[in-house]
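Hello,

Here is the structure you are taking over. My notes on it follow below.

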Amino acid sequence: MSQARATHTPVSEIRVKKYNRREAIAGYLFISPWIIGFLVFTAGAMGYSLVISLSDYNLATGDISPTGIDNYAGLFEDPKVGLSLANTLFYAVLAVPFEIVFALLLAFVLNRVGRGAGFFRTVFYLPRMTPTVATASMFLLLLNGNTGAINQFLAVFGIEGPQWLIDPDWVKPSIVLMTLWGVAGTMVIFLAALKNVPVELYEVAALDGAGPVRQFFSITVPMISGAIFFNIIVLTIAALQVFDQAYLLFWRDQTNASPESSLFYGVYLFQQAFRQFDFGFAAAMAWLLFVIILLITLVQVKMSNRFVYYEGDNR
Amino acid sequence: MSASTSTGTSTGSSPEPSPNSGPIVGLPPALDEELAERPAARTERRFAGDGRYRRRRAVAKGVLWTLLAALSALFLYPFVWLVAASLKPRGEVFDNRLIPNTILPGNYAEVWNQLPLFSWILNSIVIALLAAALVSISSSLVAFGFAYFRFPGRGILFGLVLATMMLPGAVTMVPQYLIWKNLGLLGTILPLFAANLFGSAFYIFLQRQFFLGLPKELFEAARLDGASYFGLFRRIALPLSIPSFVIIFLFEFQASWNNLQGALIYLNAGSVDGFTVPLGIAYAMTTFSPSNGGQGDYQYVMVASVIVTIPMLLLFAFGQRYFIEGVATQARKG
């Protein structure tokens with residue numbers, strides 16, 4: 001990477017001479033697939049989306065009639081937009097900390113095992129390889145409030161389990177449980193970070209009398225803070241777009257009377273676009289989501305600049 | 001202890017390379033071996049010659065293995081439960097027994113009559129193979145363009161590649177649907193893989209990192225021998241980048257196999273035979289649901305779930321280190 005940078009830094013005055021014309025043309029040819037794709041499926045699509053969000057799109061005729069900001073105003077008039085947004089934010093705030101802590105626990109344990117770690121890593125990773133539909137088809141039964149295995153297990157300890165899939169308060173924890181089962185991706189990132197923490201730091205800390213808990217919070221957490229923030233950002237973005245699990249458990253069947261608390265933003269957007277065919281409204285919803293994700297990510301990055309320890313560079 | 005997270009910035013420098021500076025996707029130092037060796041060595045060094053730690057160490061080990069056993073049980077239970085449920089008769093699917101009262105291997109024969117599962121699997125395989133092959137080749141081409149050649153605007157364009165990784169799929173979902181509609185390609189499987197012809201941001205990033213790690217002399221020597229630019233790519237860069245190429249292929253294959261939303265958008269209106277695996281099983285979940293008007297033979301959904309999971313487990317059995325390495329690399333792009 002550094003080599004490439006070094007050759008790439010020349011100032012503008014010598015630029016014309018610096019580039020070899022044949023080489024430059026070849027370079028553009030190599031990246032041309034991406035340029036075409038970007039122009040059509042990213043930039044083009046975004047522009048198109050903006051136009052649609054400011055119009056009424058007639059699916060039958062394909063006509064687009066401009067309506068100004070009606071769709072955006074409609075976002076604030078439709079109570080389900082606010083409801084689904086609140087559901088989604090609530091879900092993200094619930095899911096992300098659980099995922100981070102659980103993945104960190106798994107990685108921490110694996111990092112301590114020594115021989116046999118490979119085997120357990122495989123065990124923890126298998127759910128991640130399981131297609132989401134298969135996971136959902138299982139959890140639909142496992143989470144059943146009356147006959148499900150989870151509540152039967154809780155009953156062993158005398159705990160009466162909730163109606164996971166029916167009680168509005170337990171809908172989001174249900175999805176969190178499903179997500180935690182497949183948390184191994186996050187775990188692998190933590191594991192890689194943990195292996196990069198220098199052993200010497202622990203040795204010095206142990207000599208100074210720091211116990212395991214103290215070592216964890218004073219050495220491990222700061223040293224892997226980069227991975228923690230990366231995972232928080234990625235998981236938050238994913239949580240704000242949650243669709244598959246919610247659709248499969250609650251909205252698969254259109255006659256199904258699912259609790260309103262399971263209506264996530266991604267699901268409602270999908271319904272508006274591909275069930276109601278109100279593309280203008282759906283496009284406006286998508287832009288609102290984009291702005292929200294951008295803002296949340298920006299705040300998180302700003303915070304990460306304050307808290308994250310970047311080794312070897314002064315950002 | 002509570003303030004310690006913020007004191008992290010002053011922990012000082014360390015002799016070890018940071019995750020950002022290491023050779024990316026090197027693969028040869030396999031994570032498996034590292035996992036097995038390093039922590040063990042770490043523990044030994046740490047406690048060597050210090051007798052008073054020995055007892056605490058034994059306790060810690062006990063706690064560790066208990067925790068591992070409990071966690072493994074937690075992760076494996078749903079699999080055992082699923083296989084058991086898939087072997088049960090209709091009336092016993094919900095009984096949570098891990099060893100079925102009545103074992104019906106015949107479910108695995110009957111499922112093909114109950115659901116067009118074969119057709120779904122075939123559709124999914126075709127789409128996943130095309131999606132994976134197209135995206136690994138196109139991303140490699142683009143990555144080579146960014147890694148090897150110098151041209152005006154390269155930095156900005158690569159920045160744009162990285163920026164598209166941040167774009168939520170929802171923003172382009174509707175317009176892309178309308179693009180395919182305008183092209184008259186709705187109802188075909190093309191929308192589910194054709195955009196992969198143009199590369200994908202994360203994979204481009206991954207391959208570019210790999211290409212940048214290759215020694216420049218290789219390419220210079222080949223140039224002197226009269227190799228064309230495309231020859232450099234095909235004869236040197238591509239063969240040497242097989243490890244990261246495989247990562248891309250496997251990742252995309254899995255993503256495609258899992259793609260429910262795409263199938264819902266583009267195939268749901270068509271015939272049931274034309275569904276993919278995720279769409280098909282979602283459909284089966286509704287048709288065979290024990291409530292909401294389903295007919296109740298949920299054991300076939302369980303069988304189908306087992307059958308469509310097996311290819312993914314096989315993929316993992318053969319390509320485990322590629323998956324792990326690929327995931328670990330994601331965090332290094334920052």
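A definition to start: helix axes are lines fitted to C-alpha atoms over the stretch in contact, and angles run from 0 to 180 degrees between N-to-C directions. Helices are DSSP runs of H or I with at least four residues, strands are E runs of at least two, and both are numbered from the N terminus.

The model is predicted: local features need pLDDT of at least 70, side-chain atom pairs count only at pLDDT 80 or more, and totals for chains, interfaces and linings use all residues. Residues are numbered from 1 along each chain as its sequence is written, while chains are lettered from A and ligands numbered from 1 in the order in which they are written.

**Helix pair in chain A**

Helix H3 (residues 21-53) of chain A packs against helix H16 (residues 279-307) of chain A at about 120 degrees. Their axes are 7 Å apart. H3(A) is therefore oblique to H16(A) (under 35 degrees is roughly parallel, over 145 roughly antiparallel, 65 to 115 roughly perpendicular, the rest oblique). The crossing is left-handed (the near helix is turned anticlockwise from the far one by less than a right angle; clockwise would be right-handed).

Which residues of H3(A) meet H16(A)? They are Ser49(A), Ile52(A) and Ser53(A). Their partners in H16(A) are Phe279(A), Gly280(A), Ala283(A), Ala284(A), Ala286(A) and Trp287(A). Contact means C-beta atoms, placed from the backbone, within 7 Å. The residues of this contact are six nonpolar, three polar and no charged. Ala, Val, Leu, Ile, Met, Phe, Trp, Tyr, Cys and Pro count as nonpolar, Asp, Glu, Lys and Arg as charged, the others, Gly among them, as polar.

**Domains of chain A**

The domain assignment, automatic or from a database, gives domain 1 (2-53) and domain 2 (73-307). Their centres, over C-alpha atoms, are 36 Å apart.

**Annotated spans**

The unreviewed UniProt entry for chain A lists transmembrane regions, including 89-110 and 215-243. Such annotations may be inferred rather than shown by experiment. Residues 89-110 of chain A are 100% helix, with end C-alpha atoms 31 Å apart. Residues 215-243 of chain A are 86% helix, with ends 39 Å apart.

For chain B, the unreviewed entry's transmembrane regions include 62-84 and 185-206. Residues 62-84 of chain B are 100% helix. Residues 185-206 of chain B are 27% helix and 0% strand, with end C-alpha atoms 31 Å apart.

**Interface**

102 residues of chain B contact 103 residues of chain A. On the chain B side, helix H13 (residues 298-330) gives the largest share, 13 residues. That side divides into 62 nonpolar, 31 polar and nine charged residues.

Best wishes

Terms used:
Two residues are in contact if their C-beta atoms, placed from the backbone, lie within 7 Å.
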